[in-house]
Amino acid sequence: MAGSGHVPATGDAAAGWRQGVTAPGVYADLQAQRACWHPVAYSGEVGDTPAHAELLGESLVLWRGPGGEPRAMSDLCVHRGTALSLGRVSGDEIVCPYHGWRYGADGRCVAIPQLEDPARVPAQARVPAFKVQERYGLIWVALQEARWPLPEVPELEDDSWAVVSAGPYRWQSDAARQVENFTDFGHFPWVHPGLLGDPARPVVPRHEVRTDGHVLRYSIVRPEAANTDDFPVFGNEQATPPERRSRYELHLPYTITLRLDWGGQRGMVYLFAAQPVAANRCAGYVVIGRNYNFGQSDQVIQEFENTIFGQDQVVVESQRPDRVPFDLAAELHLKFDAVAVAYRKAMRALGLAADLSCPDPIGQ
């Protein structure tokens, strides 16, 4: 797993790195990722009032139709470029706030009030509409036909499990940095001491990564950090810290399912999905299910996640470049970085990361 590291930048070059300037290289290909499902909002954030969202550098307007169905299309009136999210919803149409043009859920303009016959709409009066679905308490959008379905997480749709959401966690980094941080075992004792790790036990246990198409599967067993009085969130059933058994599925490009247990009946499942807002901005969504502590307030888990993601954010936003370099020679990798290595290889192999400095990145 070892690779060579990059030479630290100096002088003017170092100033460029600090400002977030990224040198040419292999990075996430946002154009290719249009054919993937991405979260853009929690379900409760989208109602009968237009809501703005950003995905892969594209501005979206979200709303619900008469039956509660989520809708998504470009947040841009074709007439004068006004943001449709500033308008209003009327039935299954969205009304532009500037001139009152009305758009159906398919993006086609259906009425122009300034015309003698408002229904005589030019054929080119339409905006892109996108595929959208609602699952696990999230609104998901694919800007093109999706290559793969969403992961199956039946626990989050089972009434016998308590489900809570946290976030979104908006970071000044690319979504791949946020995903790699979630799967990085080596940082737990240093960034989250007493919560997820112990500096006295920094060695990362052996684990193997299996690549199955667009899904990476791996498991790890490691000593559990004891529950704290502030955050009694884990299902530890023993007086002494037990072992935590973690089973991961990383669904490319940016969605992770994590199932935890401690050798007993108690279990917890995480769904983590990073929204690639733009090349160097992301938002992380967390949905957590558990089959214990049913009387516990959602706020306990939410404050725990806020603490963990807050600790991570400071570190990840300091990383340079602010986008994951998918060229393995760009950073130093050791054996405990097996997940990151497998992730970077798979992203390149499936065309989700490419050398964007080349004229034909898809073909590289």
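Predicted model: local features only at pLDDT ≥ 70, side-chain atom pairs only at ≥ 80, totals over all residues.
Three strands make up an open sheet in the order 2-11-10, and five of the five residues of strand 11 are buried. The structure also holds 12 aromatic pairs, and its largest pocket has a volume of about 500 Å³.

- Let's start with the layout: the open sheet runs in the order 2-11-10, with antiparallel pairing.
- Strand 2 and strand 10 are the edge strands, each with a single partner strand, so one side of each has no neighbour in the sheet.
- On average, neighbouring strands of this sheet are turned by 30 degrees against each other, direction ignored.
- Strand 2 (residues 38-42) pairs with strand 11 in the antiparallel sense through four bridges, and Ala 41 is found opposite Ile 139 in strand 11.
- Strand 10 (residues 131-135) also runs antiparallel to strand 11, and five bridges join the two. Here Lys 131 stands opposite Ala 142 in strand 11.
- Strands 10 and 11 form a hairpin with two residues between them. If you look at the turn, you will find Tyr 136 with a positive phi of about 60 degrees.
- For background, strands of a sheet pair through backbone hydrogen bonds, either parallel or antiparallel.

**How strand 11 is enclosed**

- Strand 11 covers residues 138-142, and five of its five residues are buried, so the rest of the structure largely encloses this strand.
- Both of its faces are covered. Leu 138, Trp 140 and Ala 142 are buried on one side, while Ile 139 and Val 141 are buried on the other.

- Tyr 169 belongs to strand 12 (residues 162-171) and Phe 309 to helix 4 (residues 298-316), so their pairing ties together parts that are 140 residues apart in sequence.
- Phe 326 and Tyr 343 form a tilted pair, with 6.0 Å centre to centre and 55 degrees between the planes. Phe 326 lies in the loop between helix 4 and helix 5 (338-349), and Tyr 343 lies in helix 5, so this pair ties together parts 17 residues apart in sequence.
- Phe 326 and Tyr 343 are both buried.
- A cluster linked by ring pairs takes in Tyr 169, Trp 171, Phe 182, Tyr 270, Phe 272 and Phe 309.
- A charged side chain meets a ring as well: Arg 323 lies over the face of Tyr 27, at 4.5 Å from the ring centre.

**The largest pocket**

- The largest pocket, with its volume of about 500 Å³, is lined by 23 residues.
- If you want to find its centre on screen, look for Glu 180, Asp 184, Gln 319, Asp 337 and Arg 344, the lining residues closest to it.
- Helix 2 (175-182), helix 4 and helix 5 each contribute at least two residues to this lining.
- Helix 5 gives the largest share of the lining, with four residues.

Terms used
Residues numbered from 1 in each chain as written. Heavy atoms only, no water. Buried < 20%, exposed > 50% of the residue type's maximum accessible area, 1.4 Å probe, protein only. Pairing = 2+ DSSP bridges. Axes fitted to C-alpha atoms, helices over the stretch in contact; angles between N-to-C directions. Phe/Tyr/Trp six-rings, centres within 6.5 Å; stacked < 30°, edge-to-face > 60°. Lys NZ or Arg CZ within 6 Å of the ring centre and 35° of its normal. 1 Å grid on protein atoms, 1.4 Å probe; cavity = no way out; pocket = protein on both sides within 12 Å on 5 of 7 lines; lining within 4 Å. Points joined across faces, edges and corners; volume = space filled by probe spheres on them.
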